[in-house]
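Here is a walk through a predicted model. Keep the sequence and the structure in view as you read.

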Amino acid sequence: MAAEATESWLKFDFFPAGTDLIVQGGEARGSIMVLKEGEVEVLRDGKYVSTIKQPGAIFGEMSVLLERPHSATVRTITDVQLYVIENALTVLEAHPSWLLQIARLLAQRVNTTTAQLVALKSREVEQDDVLVLPTNVFSSWGDPQI
Amino acid sequence: MEQILVAAATLPVHVLGPRSVLVSEGARTGKLYILKSGDLEVVRDGSTVAAIGDPGSVIGDMSALLDLPHSATVRTRNGAEVHVADDADAFLAAHPAAARHIARLLAARLHKTTALLVDMRRQAKVREDQDMFDKIFALLE
């Protein structure tokens, strides 16, 4: 796990398979990780959510932006090489194009999750079944996503 | 909110009268709008789904960032003053505080949608399990 300094805010790091890079509920330390090589899995409440293996994929950005504990665990499933951007908010503000990239990425994810929610919701309607979710949930977000 | 208003102060202001359309559902403008004053409503498929009245509210972010058509119509109620960035990317690149504000908004939105999704999937799973038990018990009877 020898960290190699390239710029003061950027570290290159290596983790063996089975390492928790981020722990759900853990305090954010203000850093964002960028995957260089390898595969990680995302777990929420101990359950598998997804696998990430695309170089350049980022994690940790949600808790950095929202200044709240991590909402999921990220665990390496192979040996992983990554970059760690420390003091990410300050670094991003000095590189607005990266910030814009992250905003775009978040917007894409919002779009995907919203589509999945709508699909789940319409399946419920088809099944004419009662699930405990307020009927006005989509319109009540007060954040209309235009 | 305040930081985005500081950045938005560099942008031109459009003044809209009552019941004026700011963006139309289905249109692709690439513009970003920031409410300066007044009140707006969001109309989707003919029904009002939300009201926007807080100065600094951002409109058009999803559409501008993803180069997608607007997913709803936004119009004024009594009238509004709105800052308009014709080139959203250029505006955000020049104003990191505004970009951070929007990234934060998106992260908060993603946090909500993901939490809901996890919750709905969990409920769907419980229901599937219940269905399976019901079937097994039906076979046993």
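**From one residue pair to the whole chain**

Leu43(A) has Tyr48(A), in strand E6(A), as its bridge partner. Now widen the view. Strands of a sheet pair through backbone hydrogen bonds, either parallel or antiparallel.

Which sheet holds this pair? E5 and E6 belong to an open sheet of 4 strands in chain A. Its order is E3-E8-E5-E6, and the pairing is antiparallel. Strand E3 (20–22) and strand E6 (47–52) of chain A stand at the edges. Each has a single partner strand, so one side of each is left without a neighbour in the sheet. Neighbouring strands of this sheet are turned against each other by 30° on average, direction ignored.

Step back to the whole of chain A. It has 3 helices and 9 strands. Along the sequence, the pattern reads β-β-β-β-β-β-β-α-β-β-α-α. Chain A has 146 residues, and 25% of them are buried. What share of contacts joins residues at least 24 apart? Among contacts in chain A between residues at least 6 apart in sequence, the share is 72%.

Next, confidence. The model scores ipTM 0.83 and pTM 0.80. Chain B has a mean pLDDT of 91, and 99% of its residues reach 70 or more. Within chain B, confidence is highest in strand E1 (residues 13–16), at 97. Helix H4 (residues 96–140) of chain B is where confidence is lowest, at a mean of 86.

Terms used: Residues are numbered from 1 along each chain as its sequence is written. Chains are lettered from A and ligands numbered from 1 in the order in which they are written. This is a predicted model: local features need pLDDT of at least 70, side-chain atom pairs count only at pLDDT 80 or more; totals for chains, interfaces and linings use all residues. Helices (H or I, at least four residues) and strands (E, at least two) are DSSP runs, numbered from the N terminus. A residue is buried if 20 or more other C-beta atoms lie within 10 Å of its own, exposed if 12 or fewer, and partly exposed in between; C-beta atoms are placed from the backbone. Two residues are in contact if their C-beta atoms, placed from the backbone, lie within 7 Å. Two strands pair if DSSP finds at least two bridges between them. Axes are lines fitted to C-alpha atoms, for helices over the stretch in contact, and angles run from 0 to 180 degrees between N-to-C directions. pLDDT is the predictor's confidence in each residue, from 0 to 100.
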